[in-house]
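Please look over the notes below with the model open beside you. They are meant to be read point by point.

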Amino acid sequence: MDVSKQRTLAGERTLEGVGVHSGEAASLTMKPSEAGGIRFRRVDLDGSPEIPANLEHVVGTDLGTSLGAGDATVLTVEHVMAALGVAGIDHAVLDLSGGEPPILDGSFLSYFDAVSEVGTVELDRPADVVSIRKAVTVTVPSGASYVATPASTFRISATIDFEHRDIGRQFGSFEVNEDSFRREIASARTFGFHEQAEELKARGLAQGASLDNTIVLDENGIMNEGLRFSDEFLRHKVGDLIGDLALIGGRL
């Protein structure tokens, strides 16, 4: 497929489940569109308001990336956006019933499988490409730092460092394309800490989190049966970053 051409989906796919933060039933249907970028449509609200999936509509980044337009919002968009971004989807309508896409198993895999199964269609227009010409550095109040440098391919090298002994300091470097995403990133699940559960629920977050969709850690270790990768925590963070970068409005 010509990576210089814009793409949309070749058909529709629906995924259903619960929202990890709202705990409410959620249904998301991905549909083709030949223009307008990627946008969520809250079909459960009067008038089915649309929310463009771009940086200008980011309204929150508390334990997930949230988008908003007017009174309509959508939480936790990074998993579906990662799948669409890796597949090079430039235009799509995401019909959403509920306040956030379903968390499914907590990874990116079901969304990526859905996009792969339905396939993509090239449009007769050149893709918008963002090319890094010089190093860009950003440091945020939490202490995280990001550096983007020129390269001939899209690669993310990342380090995370958590006090919990089952995470600790992890480093990895990943080429970002459809094949490597499926092998190395897509099945990595989101994670959280049991000691924070009550506080998060009091804030209206993590209402739908469970061992079925989240790696949960307590003082004794990992509460789930096991990990899919020894560094699954790092890989999930890289996937989240891919999803957030898909909001820039062009391919890297």
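Predicted model: local features only at pLDDT ≥ 70, side-chain atom pairs only at ≥ 80, totals over all residues.

1. Residues are numbered from 1 along each chain as its sequence is written, and side-chain values use heavy atoms, with hydrogens and water left out.

2. Helices (H or I, at least four residues) and strands (E, at least two) are DSSP runs, numbered from the N terminus. Three strands form an open sheet with mixed pairing, in the order β15-β16-β17. β15 (191-193) and β17 each have a single partner strand, so one side of each has no neighbour in the sheet.

3. Strand β16 (residues 215-218) runs antiparallel to β17, and two bridges join them; strands count as paired if DSSP finds at least two bridges between them. Leu217 has Ile222 in β17 as its bridge partner.

4. Where is Asp231? Asp231 is in the loop between β17 (221-222) and α5 (232-245). Asp231 counts as buried because its relative accessibility is 14%; buried means under 20% relative accessible area, exposed over 50%, partly exposed in between (1.4 Å probe, protein chains only).

5. The C-alpha atoms of Asp231 and Ala114 are separated by 25 Å, and the two residues are 117 apart along the chain.

6. Helix α1 (residues 78-86) is mostly covered, with eight of its nine residues buried. Among them are Glu78, His79 and Leu84. Just after α1, Gly88 has a positive phi of about 75°.
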